[in-house]
Amino acid sequence: MHRRHVHFSAASSRFPRQFPKSFSLRRKIPWWYQTLDPGSEFVARWNHVFLVSCLIALFIDPLYFFVPLVGGPACVKIDFGFGAIITFLRTIADLFYLMHMVLKFRTAFIAPNSRVFGRGELVMDAREIAIRYLRTDFVIDLAATLPLPQIFIWFIIPAIQNPTAVHANHTISLIVLVQYFPRFFLIFPLHRRIVKTTGVIAKTAWTGAAYNLVLCTLASHVIGSVWYLWSIQRLNSCWRIECEKEMNNTHSPPCKQRFFDCTTLDDPQRKLWLNSTRVLANCDAFKDDFHLQFGIFASAFTNEVASADFIEKYFYCLWWGLRNLSSYGQSLMTTTLSGENLFSIFICIAGLIFFSHFIGNMQTYLQSSTVRLEEWRIKRRDTEEWMRHRQLPPELQERVRRFVQYKWLATRGVNEETILQSLPLDLRRQIQRHLCLALVRRVPFFAQMDHQLLDAICERLVSSLHTKDTFIVREGDPVNEMLFIIRGEVESSTTDGGRVGFFNSITLGAGDFCGEELLTWALVPTSNLNLPSSTRTVKTLTEVEAFALRAEDLKFVSTQFKRLHSKKLQHAFRYYSHQWRTWGACYIQVAWRRFKKRKLAMELARYEDAYYMNGADNESEYGHESSDGDEELSQLTDNVAGTQHLGATILASKFAANTKRGANQKVTILDPQELKMPKLFKPDEPDFSRDLGES
């Protein structure tokens, strides 16, 4: 055994040199091989981030429609600087789509045949996850992720010989429109996935309203961008039609299609043609009074939107889209062209959908923030009607109004008990501990208890609210709950069962408790079903917030936890109980008065004996000595009478009167036995001992 021990010690001494501190027998899996849980917090956060990136991408793509602009008389050019900025932003947005595809290859899914009960079984195998993704959403995600506009701008356009601005613009616009559909439809399964995982798309009402407002603004942005692109295309089509007419009429100098590109502004032939052509005059939107030529696109040229700066151009198009969406396209003046009419019909239908669905959702989100207030108003109105119907006195009506108002301010219409009862036991216990433990420990009596007993008490505490001048319990009424004051003040008074001339009152504040008779009743093992009677009247002086422990809950705690029967807790209860304090103070007061009365009687007896002994020897000097004796007795009586009862003063007067021999004056004297002190009986002590059979 000794050799083995030495060998093990030597091996242990070499252990730090052989293995690093971070050594673990458990194999660490690299993050790129880990499988993600679809219900995890990381996936939930990523879904929200990807939703925001999708909205931004849907906002960026229509900006490509603003790249072409009217750069001069009868010519269109492409703003390459603005196009480079849009391409850069589009590339960043495409990276989010690519990252989303990578994560979906590593995200587990729930097996469809395991959803019989509960959440279901997760499939964590990477091969099965990849096969399922390739069969379902891979094609749509790939179509939304491909950088098609970048490929066309960076590779295809430079490879084409003499590309015109119109052809390049048409190609880019077509690619963006084709790819816009899979990007748009990708939001719907993402939206459902977020709602399925977290329950809501927005955690607050204002966030939900802002989300729906962004969707409406995005729709207006898309429609305004398409309208601007179509306006440029309509103007270019008009120029080409007029150019073909001139070519057929052998106009000199001849019109050429390349003249409509702003790269030919310095061409001498174009300058000659521009001085003699009728293209500009025939395609002038200011002369189209009835919108027969440009239709819904006339305002783009009459307001010089096509040649304006980007900021002015963009906000005008956004306003145009929002105005026609909100009015369902009623102000649009269309031509007979089918494409223009279809676009107007789409605007009308889209307006109906957006403003019936999204504005309705936004209204729901905004109303959800005030739904509690509306419920409280309805309840308050019903209470007012009920009080008028029952003809309650004005003072009672005012007290009811005060309580309803105070309860609303304290709870905001939330029923805490309903929320707590819907939670699991362990979670409910931790919440009650967080809410009540610090407050319960402020009660000195509970500060003596251990954590397990305090948890059991906190678990059964319920909130209790009381307005000013409310009687919580009256003397003689059964006590059904023990109250622990958190905020406010109450007055606790007693008349000792209605005794004449007896009244005791104290003020209780935060950290105090009342209803201690219930604890005495609960600690008795053989207590019956009858609740104890209250020995005090408890009335609120201010608005009071407290926790209440009901009789059945306190009885359960005292039955389950025998530590509540310990002598230490019993003595602490007697020390902090105001009922026991009142009894102790009255007991000390009665004992002190009894002691002072006995001391006075002994002093009087001593002076009486001394007087009789001296009186027999000095009979002749009766008048002078009696006068001295009277002065001594009067001085003694004056010193004691200032602090003693009226009965003691009468006894001193009786003694002084009896010492005057020969006096014919009679003095009415009360018997000291007739001076009865008020008694406050000691509270009934509970039988803290338990039967052997029960223990």
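**Reading burial, span and phi**

A: At 2% relative accessibility, A74 counts as buried, where buried means under 20% relative accessible area, exposed over 50% and partly exposed in between (1.4 Å probe, protein chains only). This is a predicted model, in which local features need pLDDT of at least 70, side-chain atom pairs count only at pLDDT 80 or more, and totals for chains, interfaces and linings use all residues. Residues are numbered from 1 along each chain as its sequence is written, and side-chain values use heavy atoms, with hydrogens and water left out.

Q: Where is A74 placed, and what is its phi?

A: A74 sits in the loop between strand 1 (68-72) and strand 2 (75-78); helices (H or I, at least four residues) and strands (E, at least two) are DSSP runs, numbered from the N terminus. Its phi is near 60°, a positive value in a residue other than glycine.

Q: Is E304 buried or exposed?

A: E304 is exposed, because its relative accessible area is 51%. This residue belongs to the loop between helix 13 (299-302) and helix 14 (310-326), and its phi is positive, near 55°.

Q: How should the span of helix 17 be read?

A: The expected span of a helix is 1.5 Å times one less than its number of residues. Helix 17 (residues 394-411) has 18 residues and should therefore span 26 Å, which agrees with its end C-alpha atoms being 26 Å apart. After helix 17 comes R412, with a positive phi near 55°.

Q: Which residues of helix 17 are buried, and what covers them?

A: Q397, V404, Y406, W408 and T411 are buried in helix 17. Their cover includes helix 16 (371-390), strand 5 (462-466) and strand 12 (544-550), where contact means heavy atoms within 4.5 Å.
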